[in-house]
Amino acid sequence: MDSLVMAERVSRSFPLDHSEVRALNEVNLQVATGEFLAIAGPSGSGKTTLLNLIGCIDSPTSGRILLDGRDTSRLTRKQTAELRRQRIGFVFQSFNLIPVFTALENVEYPLLLCEMSAKERRKRAAEALECVGLSPRAAQRPDLLSGGERQRVAVARAIVHRPALVLADEPTANLDTQNATQLIDLMRELNRNLGLTFIFSTHDQRLLEHTPRIVRLCDGRVVSDSTVGTPGDVQAAMKGDGHEQVLAACLS
Amino acid sequence: MSKFLLLAFRNVFRNRRRTVMTLVMVAGGVAGLLLAGGYFRSMTDGLRENTIRNGLGHIQIFNAEHFQRDEIRVLDTGIDDWRQASTRVSSIAHVRGVAPRIEFYGMVSNGQKSSVYMGSAVDPNAERSLGFTPNLIEGRDLDQSGEEVGALIGKGLARSMNAKVGDGLTLLAVTSDGALNGIDVQVAGIVQTGAAELDARYMRIPLVSAQRLLQSNRVTNLVVGLDSTSNTDRVYRELVPRLAGLPQRLELRKWIDLATYYKQVRNMFDGIFLFMGVIVFFMVLMSSVNTLLMSMFERTREIGSMLAMGTPHFWIVAMFMAEAGVLGLFGAVIGVLVGNLAGSLINWLDFRLPPPPGFTVGIPFHVVHVPAIMIGASLLVIVSLILASTLPALRASRLRITEALAHV
């Protein structure tokens, strides 16, 4: 399969007082088109930092990230904005919907940036809302939607412009278990039906049962990268080397 | 673009209390400017019409030489064939009448005492038809029908000459060919001009009497009265070619060129109004910067997610500026409504300010509704708000996306 994302020895450090905190350390990762991948790990392991780098909203301190074969570190600010606009969809932990827009208008927003006609925008936004099962709530503003509904609107917003890659940073962190499972199932369904590549981060082990590929981070390093086919395989992977490696890395 | 403007519009009303506070401030500034500007305009309009009706007229016609050299003898640079010029002027639309005048000076005597006077000779009927009536405190206006030569004298001159209405005086003046001449006049009335220096020298006699005294058929100038001050420029443009064919080259002056005191007062009011405008501008600017910055900080994560989705930075800047513009527009509309309503209420209540020094009647507190001030004040607050939004707008557009998304 074609490689959509490639991270090569990527490191990211943040200054803290007079020292430095290394959030990512020499991370290598390759993600093929159409994959459904979870980045797992405890808090502070570097999940968000890695997603930010892949999503071109942050730059690595060293190493490089290739998206569609393009070295993102060589792009100008304008070019990265354009790349994000066209090729990447984002789902945020706190939904981050525009509160003064209705659900439909929120989904329309990425198409607004693509300067699409109003008619086409509305049609595609309605289709995206249909995909996530929220057509009846299209005219509601976010404050009248439940947490699960808001996150589904956020997913619709992330996929409406048919991006190559959808990045979801802890998308289930503010949801109860039932809504969280439904959301991951929805994302998986979109991944299968539309062929969209999904990369999401989570520290909720239960959600990983639905995930065919799990990359585990600890202290900024990839400690395991396991591909499993069924939920049983995931459980096995969790019980097996990967989980032990995580524990070992964290303890060390 | 319409969606984008819709976003800006809705953002304005996100925090209603803060928006209302800003609107009150902006609308208050606009209304204040409207009331102050409207009052100043009423004052200057009143002064303008008073100045014109006190004898200045709308346009004055002179011999062109009047502006090129000083007179060696009286009426040396006067108008010869003023009747023909007057006929030509009178035939133009919007002209109510033409009043010939002679300005002269000399000595006045009551047989015991002499004093200097500054004379003005007029055609009483023409003056009256134009509404140029002197401020008589005693006696009556000039009349050309009587056998006696009537004269109006200033209050100060009357006191110094110990003259009363009906008393006889002798006027002496140097004629146009340099000889000394004199006529007897009878005091018809006593005038108060408002200026003590002028009252001490004021003398007004009929035109024909002055021409006899000065031995000349000339006049110093012709004063043209119009039906409305707003027609001054139009009539001026028509008059120039109409007077071009006369044997003597004549020159015209509009009232504004001759009304020095009016211009000084108007400049003073303009200065005060400008100062008030500057205060309102900075008041709106300073307080709005804080409000808009608060709004920006509250929306940091939202702006971060918009930037993450690929929103161009200038869109963020434009969004904040559009929000400020919408806020300014609303404030301006409310301010114009409130200002006009308050102005109408003040006019209806017919307030009067205490009389200023030298006046016996209070000045009416009247507010004129001036469209130019409404537009100007509205633009002022809109520009001020848009300027105030540049700082938060630029800060928002320069946010680091990762930090903005992590903002709590």
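Because the model is predicted, local features were taken only at pLDDT of at least 70 and side-chain atom pairs only at pLDDT 80 or more, whereas totals for chains, interfaces and linings use all residues. Residues are numbered from 1 along each chain as its sequence is written, and chains are lettered from A, with ligands numbered from 1, in the order in which they are written.

Chain A contains 8 helices and 10 strands, where helices (H or I, at least four residues) and strands (E, at least two) are DSSP runs numbered from the N terminus. Of the 252 residues in chain A, 48% are buried; a residue is termed buried if 20 or more other C-beta atoms lie within 10 Å of its own, exposed if 12 or fewer do, and partly exposed in between, with C-beta atoms placed from the backbone. Two residues are taken to be in contact if their C-beta atoms, likewise placed from the backbone, lie within 7 Å. Among the contacts in chain A between residues at least 6 apart in sequence, 68% join residues at least 24 apart.

An open sheet of 4 strands is found in chain A, with the order β2-β1-β4-β5 and antiparallel pairing; two strands are said to pair if DSSP finds at least two bridges between them. The edges of this sheet are β2 (19–32) and β5 (70–71), each of which pairs on one side only. Within the sheet, strand β1 (residues 3–16) of chain A is joined to strand β4 (residues 62–67) of chain A by 5 bridges in the antiparallel sense, and A:Met6 stands opposite A:Leu66 in β4(A). A:Asn28 lies in strand β2 of chain A and counts as exposed because it has 12 C-beta neighbours inside 10 Å. When neighbours within four places in sequence are left aside, A:Asn28 is in contact with A:Ala7, A:Glu8, A:Arg9 and A:Val222. The C-alpha atom of A:Asn28 is separated by 16 Å from that of A:Cys56, which is 28 residues apart from it along the chain.

In chain B, strand β7 (residues 180–191) takes part in several pairings. Strand β4 (residues 136–139) of chain B runs antiparallel to β7(B), with 3 bridges between them, and B:Glu138 has B:Ile190 as its bridge partner. Strand β5 (residues 150–154) of chain B, by contrast, runs parallel to β7(B) and is joined to it by 5 bridges; B:Gly150 is partnered with B:Gln186, and B:Ile153 stands opposite B:Ile190. Strand β6 (residues 168–174) of chain B pairs with β7(B) in the antiparallel sense over 7 bridges, B:Ala173 having B:Asn181 as its partner. β6(B) and β7(B) form a hairpin with 5 residues between them, and B:Gly178 in the turn has a positive phi of about 95 degrees.

β5(B) is also joined, by 2 bridges and in the antiparallel sense, to strand β8 (residues 202–206) of chain B, where B:Met203 stands opposite B:Ile153. The strand is mostly covered, with 5 of its 5 residues buried. Both of its faces are covered, B:Gly150, B:Leu152 and B:Gly154 being buried on one side and B:Ala151 and B:Ile153 on the other.

The largest nonpolar core comprises 118 residues, of which A:Ala156, A:Ile199 and B:Val30 touch the most other members; such a core is a set of buried Ala, Val, Leu, Ile, Met, Phe, Trp, Tyr and Cys residues joined through C-beta atoms within 7 Å. Helix α13 (residues 371–397) of chain B contributes the largest share of this core, 11 residues. A second, separate core of 53 residues includes B:Leu56, B:Ile79, B:Ala210 and B:Leu222. Beyond its neighbours within four places in sequence, A:Ile199 is in contact with residues including A:Val31, A:Leu37, A:Ile39 and A:Leu165.
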